[in-house]
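Thank you all for coming. Please take a moment with the sequence and the model on the screen, and then I will walk you through a few places in turn.

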Amino acid sequence: MTDFPPSEQAESDLEYQNRILIGVSRTFALTIPQLPDALQDVVGNAYLLCRIADTIEDEQYLGVERKYQFAESFIRVVAGEEQAEHFANELLPLLSLDESSTNPDELDLIENTPRVIRLTHSFTPGQRAALERCVRIMSRGMVEFQENSSLDGLADLPELARYCYVVAGVVGEMLSALFCEYSKQVAENEELLQELAVSFGQGLQMTNILKDVWEDRKRNMCWLPRSVFADAGFSLAELSAETTDQGYQQGLIELIGVARNHLENALRFTLLIPRHEKGIRRFCLWALAMAVLSLRKIHAHPSYRSGSQVKITRRSVKLTVIIMGRLASSDRMLSLLFSMFTKSLPQTRQY
């Protein structure tokens, strides 16, 4: 890798970060630029750190013990206790290149971990602490859950909540901490924001779990809670593409209701952000709106057998971007829209 003077090196690393974001997530590459300038670089970096942790978890040819080793190694790298070059050189040759595991952009990201980490270590102590905590909890939690994963699903709703926390809720906490450090006005509601951030993350993650049920089963995984389906008279162990059991669809409806309630908390989180912080609000609203639209599709087509069958259209995404952009500062209109678009969805008191 070419050696640059410190200022040129930082600029080069930032250019790489912005470029690779487009490759590993077009959605975040679209939403992160909505944030205030003071937040864009650190949030973009945080996403890449989470993606590296996720790449370790997703690699199908790595055994659980090796995943634990690499997860702990990455935690030390982020904390500045281990060289990023050593981590990348050890992991990269072990990653496979196929549709079900690691794609070329993710391989590129792992190879360039040192560039990502140099940016991580350039942030403020408060920002670094938030990122390090997120990576530590996520990395350890994901491997632990994967070690115990099966097609039988998770035990119950509390275990689902714990899973959603380590893969998404902790990200919400990190973002909340970054937002609060950025703005004293945001920080006035820090305690409530941190609480709602976990629920926000669970709502988004549950939506992804429901959307990806069939893709996850191809990887011999299931993140649905057994107890919810057992109460409806259906066993997840019997789930197959030929399943027509009403108990399965009843279980889906129950989970849609749980996710919908968490997304209502996501709206509460967003409305606690001062109205003049339209960029932060847009960042949150786009994720919230697309999750609501996805839940509506899943609810309308409970017999779907592929995530592509309940994927929201590009037209819907474009409309979401336009509408949320225009209404970002209107609490009343945002609350009205949420009520309108979730009216058809089931509700439940269970969390």
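Let me begin with Thr113, which at 0% relative accessibility counts as buried, where buried means under 20% relative accessible area, exposed means over 50%, and partly exposed lies in between, with a 1.4 Å probe and protein chains only. If we leave aside neighbours within four places in sequence, Thr113 is in contact with Ile52, Phe74, Ala84, Phe87 and Ala88, contact meaning heavy atoms within 4.5 Å.

Before going further, a word on what we are looking at. This is a predicted model, in which local features need a pLDDT of at least 70 and side-chain atom pairs count only at pLDDT 80 or more, while totals for chains, interfaces and linings use all residues. Residues are numbered from 1 along each chain as its sequence is written, and side-chain values use heavy atoms, with hydrogens and water left out.

The predictor's confidence in each residue, from 0 to 100, is the pLDDT, and the chain averages 93, with 96% of the residues scoring at least 70.

Which residues have the most contacts inside the largest nonpolar core? They are Phe74, Phe179 and Leu224, in a core of 109 residues, where a nonpolar core is a set of buried Ala, Val, Leu, Ile, Met, Phe, Trp, Tyr and Cys residues joined through side-chain atoms within 4.5 Å. The largest share of this core, 14 residues, is supplied by helix α9 (residues 157-182). Phe74 is also one of the contacts of Thr113, and Leu224, not counting residues up to four places away in sequence, touches a list of residues including Gly153, Leu154, Phe229, Leu236 and Tyr248.

Some of those names come back when we turn to Arg226, which is found in helix α13 (residues 226-231) and is partly exposed, with a relative accessible area of 36%. Leaving aside neighbours within four places in sequence, Arg226 is in contact with Asp152, Gly153, Leu154, Ala155 and Leu236, and the C-alpha atoms of Arg226 and Leu157, which are 69 residues apart along the chain, are separated by 8.5 Å.

In the loop between α12 and α13 we find Asn220, which is exposed, with a relative accessible area of 52%, and whose phi is near 60 degrees, a positive value in a residue other than glycine. As background, most residues other than glycine have a negative phi.

The structure holds 13 salt bridges, each being a side-chain nitrogen of Lys or Arg within 4 Å of a carboxyl oxygen of Asp or Glu. In one of them the side chains of Arg219 and Asp58 meet, at 3.2 Å from N to O. Arg219 lies in the loop between α12 (213-218) and α13, and Asp58 in helix α3 (residues 37-58), so the pair ties together parts that are 161 residues apart in sequence.

By way of contrast, Glu264 and Arg260 meet in a salt bridge at 2.6 Å, N to O, and both lie in helix α14 (residues 246-272), four residues apart, about one turn of the helix.

Let me finish at the surface, where Leu319, Ile322 and Ile323 form a nonpolar patch with about 230 Å² of accessible area together. Patches are made of residues with over 30% relative accessible area and no salt bridge, like charges being joined within 9 Å and nonpolar side chains (Val, Leu, Ile, Met, Phe, Trp, Tyr) within 5 Å, and the areas come from the Shrake-Rupley method with a 1.4 Å probe, only the protein chains shown counting as cover for residues. Ile322 lies in helix α16 (residues 314-327) and, at 41% relative accessibility, counts as partly exposed.

Methods. Helix = DSSP H or I, 4+ residues; strand = E, 2+ residues; numbered from the N terminus.
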